[in-house]
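Me: Hi! I've got a structure open and I'd like to talk through some of its charged residues and strands. Can you help me read it?

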Amino acid sequence: MNRPDLSLSEELSAAGLVEQSAEDIREDRIHAQVAFCGTDLSSREWAEVVFEQAYFFKANLAHSRWRRLELGDVLLDQCNLANVRLAGCRGRRVEEYRSRLTGANLADVRLADCLFHRCKLDLAVLHEARLENCRFEHCDLSEADFQGAR
């Protein structure tokens, strides 16, 4: 349950997150109240994964491919998502801080109430993205492609 008086960071701190590894991620499953700290998730492929109340810190997701990924109440801090493929991802209340998304494919994503703060999204592709109440604060958006995004 989301409490409006708590920030996402405070809410996750109080949630008693359990640290996980890449081997703990299963397709067709909801992963709730989990943390990935320094985890290498790069160059892997997953489908139909859901993360609820999750924290990623300095995780490496570069070159990974996620199909039908769903995110809710997720915080990513100082993560590497260079060339990640998140096409068609759905996210609600996702916050990303000081992360690298160079060349990320975010085509057709549906994001609501999301924050990107001091992130590098250069060369990112957000074709046809639906961004509802999403903010990009102090981000590098050079050559990012928002064609058809709304």
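Me: Which side chain does Arg68 meet in a salt bridge?

Reply: That would be Glu48, with N to O at 2.9 Å. Just keep in mind that this is a predicted model.

Me: How accessible is Arg68? And Glu48?

Reply: Arg68 has a relative accessible area of 45%, so it counts as partly exposed. Glu48 is partly exposed too, at 36%.

Me: OK, how many salt bridges turn up in the whole structure?

Reply: A search finds 11. One of them is between the side chains of Glu23 and Arg44, at 3.7 Å from N to O. That pair also links distant parts of the chain: Glu23 lies in the loop between β1 (18-19) and β2 (29-37), while Arg44 lies in the loop between β2 and β3 (45-47), 21 residues apart.

Me: What does Asp108 form a salt bridge with?

Reply: With Arg110, where the closest N and O atoms are 2.8 Å apart. Asp108 is partly exposed, at 32% relative accessibility. There is also a network: salt bridges that share partners join Glu11, Glu52, Asp73, Arg92 and Arg93.

Me: Back to Arg110, what else does its side chain reach?

Reply: The backbone oxygen of Glu128, at 3.0 Å. Arg110 itself lies in strand β8 (residues 110-112). Leaving aside neighbours within four places in sequence, its contacts include Cys89, Gly91 and Ala129.

Me: Switching topic: how many of the residues in β6 are buried?

Reply: Seven of its eight, so β6 is mostly covered.

Me: And which way do β4 and β6 pair, parallel or antiparallel?

Reply: Parallel, over seven bridges. Within that picture, Ala54 stands opposite Val74 in β6.

Me: What about β6 and β7, how many bridges join them?

Reply: Seven bridges join β6 to β7 (residues 90-97), and these two strands run parallel. If you want a spot to look at, find Leu76, which stands opposite Glu96 in β7.

Notes:
Residues are numbered from 1 along each chain as its sequence is written. This is a predicted model: local features need pLDDT of at least 70, side-chain atom pairs count only at pLDDT 80 or more; totals for chains, interfaces and linings use all residues. Side-chain values use heavy atoms; hydrogens and water are left out. Helices (H or I, at least four residues) and strands (E, at least two) are DSSP runs, numbered from the N terminus. A polar contact is a pair of N or O atoms within 3.5 Å; within protein, one must be able to donate a hydrogen and the other to accept it, and residues adjacent in sequence count only if both atoms are side-chain atoms. Contact means heavy atoms within 4.5 Å. A salt bridge is a side-chain nitrogen of Lys or Arg within 4 Å of a carboxyl oxygen of Asp or Glu. Buried means under 20% relative accessible area, exposed over 50%, partly exposed in between (1.4 Å probe, protein chains only). Two strands pair if DSSP finds at least two bridges between them.
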